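Let's walk through how the chains of this assembly meet. Have the sequence and the 3D view at hand as you read.

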Amino acid sequence: MDIEYVSQLARMELTDKQKSKLSKQLSDILAYIEKLKELDVSTVQPLSHVLPLKNVFRQDKIRPSLPLNKVLNNAPSREGDSFSVPKVIE
Amino acid sequence: MELYKLTARQIKDLIEDKKTSPKEVAESLISRIEATENKVKALCLVDKEDIFTQCRELEKRSEHGPLFGIPVVIKDNICVQGQDTTCASRILKGFKPPYDATVVSRLKQAGAVIFAKANMDEFAFGSSCETSCYGATHNPWDLQRIPGGSSGGSCASVAADETVMALGSDTGGSIRQPASLCGVVGLKPTYGRVSRYGLIAFASSLDQIGPVTKDVADAALLLNVIAGSDIMDSTCVDREVPDYTKSLVDNVQGVKIGVPKEYFSEGLDSQVRDAVEKALDVLKGLGAQVKEISLTHTDYAVADYYIVATAEASSNLARFDGVQYGHRSASPRSLIDMYKKTRGEGFGEEAKRRIILGTYVLSSGYYDAYYLRALKVRRLIKEDFDRAFSHVDCIITPTSPTVAFKIGEKIDDPLAMYLSDVFTISANLAGMPGISVPCGLSQEGLPIGLQIIAKPFDEEMLFRTAYTFEKNTKWHKEKPRL
Amino acid sequence: MSKEYKTVIGLEVHVQLATKSKCFCGCSTEFGRKPNSQVCPVCLGFPGSLPVLNEEALRLAIKAALALNCQISKFIKFDRKNYFYPDLPKNFQISQYDLPVSHDGWLMISGPGGEKKIRIKRAHLEEDAGKLIHEQGGSRSFVDFNRTGTPLLEIVSEPDINSADEAYEYLTRLKGILEYLEVSDCNMEQGSLRCDANISVMPAGAKELGEKVELKNMNSFRFVKIALEYEAKRQIEALEGKEKVVQETRLWHEQKGITISMRSKEHAHDYRYFPEPDLVPFVLDDGYIQKIGESLPELSQEKKERFVEEYNIPEYDAGVLTADKYLANYFEECAKLYSKPKTISNWIMSELLAYIREKNLEVRYLKLKPRSFVEIFRLMDEGVISGKVAKQILPEMLESEKQARDIVKEKGLVQISDTSEIDKMAQEVIRDNPKPAADYRAGQANALSFLVGQIMKKSRGKANPQIVNKLLKQKLERGEDA
């Protein structure tokens, strides 16, 4: 596994020590997971929902939104009524 | 009278007979917590003032509700409005949800007292309750040992009589395995039976909230309150909720019990095997028919689970980025830097391991080999159960292959840790309901649990079988000495 | 340019669907409210929250897809598109990957060689992101989540478009259709319709497509056109200069009028799509789709045919008028109030559309209402003003909401139909211009228009041209000299 690439995708900083420890552990886990390849699944349909549910909708009705103090109560950084983050450079 | 030792049904009767009050019950439990919590460390938040405010409010109520005055501990991954809900993670430190989980509002409506937040493995990632940012929870039966996980705090607090009931969540065994190791009753309902709205998701297609109680009757009482459809959760089924207390009958005459041979293999501790076999004899003696069955793909369940669950988790946990709530790294140099540092600092080791694994199995070039294949194997596992249930009413297995292990024993061997869920994971992958009830004590005096699995939405079968077993044995009356 | 090149363009249009509440929660979709005032735990992606699909969003998506001749999928599911961005609260977008609402449609545009079919690859439903405001000169960006979770239909064309003009035509037609359907208000200024483009060039006759460049940040159809023209030229110049065109994303820079490479973005996107576990699939039966089909309103083609028939106007006029639903409505309003449809259509197509294009306006936001507009025609019919004066006062009516009669009165623009006054002016003009007068008498008919012009000048455009003509002719023919 390219741990550099994957941690970049996950936007998660890892120390060098963590990287080497994780790489070792993950390669053990991946080796264990390899056992799934023993099974012939060529004719099996994937199962992403265990329930045979379908067509669950809500109606187009407006429900009250949160008051602003509850929206921003947990914000690590805010400016006026907005959340503030380091500048997004495009 | 030591109120804290009682079950919910006993307390209900006393309150109804005006022999006690919600406040007296709360006081009894708070003094118990003060006596034991420094040893067990099952709870991460107890707000006494809030408890008494709730009791005062309750006393004004004219309609009592089915859980009137009953203290319920809530696992720290279930949102309680205005109360720290952190999933035992640094990244959510101080997070106060602006809303109640559906189960919490149903509990409040039923008159329950939201008593405390229970410790857990960080984001429910673990089977030992050691990965919490608040530190490990200890097993009340032996403080050197783990209580199981991830709902370790919920189960340990019930076992230690620090609460009457608790809510846990179960993604791969996180209610049943710690219930087994702590000698209490733990139930994972059918996927879709209980609303997940307000449960901070680990793996959305596997997670269910369920009761942790001192006996089977209390589990039925609690499930009655929390089960049922919810307009806020598309996956919560619109299906009538039976009165589960009606299933509490002492009768298994003619019940067909399947015992999957794959669960009685090498990794199983002989003491656990003996206890489960004795339990089966008890049920047989009461008129149940016990027969061996096969769940062919059992051996693939753990591998399958660690792909499906971590993939979903990697996506569910992407929102913890320091923008709206929780931890944000101090003075980041840029936006990317903020993301990376916040997540690097905020997540513990096991969370990082699972996020990396889950991100990897979904990433370009690996999706088919891992994730898609895992979804297919998941179908095979579910079909095993469907086949089995065409000729049995329930399936009985050990809940955990071993009794509680020592704190620190498996912490650096994640694979060994993952394998401690080997018997519980399949029920999540297949969406089946399962319950763990105490069925013995090991020579060291540690609890052993019996798992009963039923067809989807046949929780009644679980209650009937578990209740009958409980009525005819004494294991649920055993208490840890604290 | 030494060779001929072929330009290949595909367009991705995002259009906000006109639901009252958001796609997966009950927050209002109204535009222009205070930041973060239309948000809830669901659209903020708060831990524990879950999406539930707004049926109206799906209905509108299907309606649009049907009008675009798309196949509606019988089995629809949602997927998560995972990427980190501060305007995306969950750091994944609920979108559709392999089983979109609809696919394989088309729409007709008029090209240089007549009507041309542009195929539509797919149209899928997804949730919109929030809005970022960048601090001027500072180091921060501010996030407003009001727009987050608004339902979007993404309409992806096949690369069948071969010029910037065709792209413009495609967008105009598409917008026309969507407005007719009332599935979106298509307001580009408020961002309810947005467009990205893929463009490549290749030498005529070449077999392989050139490297594709993705263009973003074009916030009007006009800019789409200019940006595509610019980009095609840039790519051709690069090829001519033996440079390579690289596959990349470029931003349209409105002030500089150029496209700029987005170097900072990662090269490969790895969105890790997987099925959204929190939503169930949608399986639509034929009846459901048919019912939506039956609700489709009259579209532009049908309306065009009706206009020709009902108002007896040329097909060309009907085509222009019905390209925009609001323009068609405007015309019909006028036609109800005034009985000469061709006059209305002439004035709309020349004066009104010129004004709208110049000001980059939308018809529905015109201050000049049909009732006031037709007054101009009445004033002309009554002989109160000339056509010239009418054209003169129209701009003021468009800007000020003033009534035609009031402007005419205020400015003293009432037409001079008083023969004695005109007679006097005619005498003077013939006297002062003996040569043209003589020419006319000698048989040079065009000399008359010079003399008419002189009278109009004298009267500052107010003289009734018919009377001027008549009087002049009489005088000259009778040989009346000064």
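Which side chain of chain A meets B:Asp299 in a salt bridge? The partner is A:Lys35, with N and O 3.3 Å apart; a salt bridge here is a side-chain nitrogen of Lys or Arg within 4 Å of a carboxyl oxygen of Asp or Glu. Keep in mind that this is a predicted model, where local features need pLDDT of at least 70, side-chain atom pairs count only at pLDDT 80 or more, and totals for chains, interfaces and linings use all residues. Residues are numbered from 1 along each chain as its sequence is written, chains are lettered from A and ligands numbered from 1 in the order in which they are written, and side-chain values use heavy atoms, leaving out hydrogens and water.

Now step back to the whole interface of chain B and chain A. It counts 3 salt bridges, and 67 residues of chain B are in contact (heavy atoms within 4.5 Å) with 50 residues of chain A. The buried area, meaning the accessible area (1.4 Å probe) that two parts lose on being put together, summed over both, is about 5,500 Å², and carbon and sulfur atoms give 70% of that.

Turn next to chain C and chain B. Here the contact takes 30 residues from chain C and 37 from chain B. About 2,700 Å² is buried between them, 60% of it from carbon and sulfur atoms. The rule finds 1 salt bridge across this interface: B:Arg196 pairs with C:Asp278, their closest N and O atoms being 3.0 Å apart.
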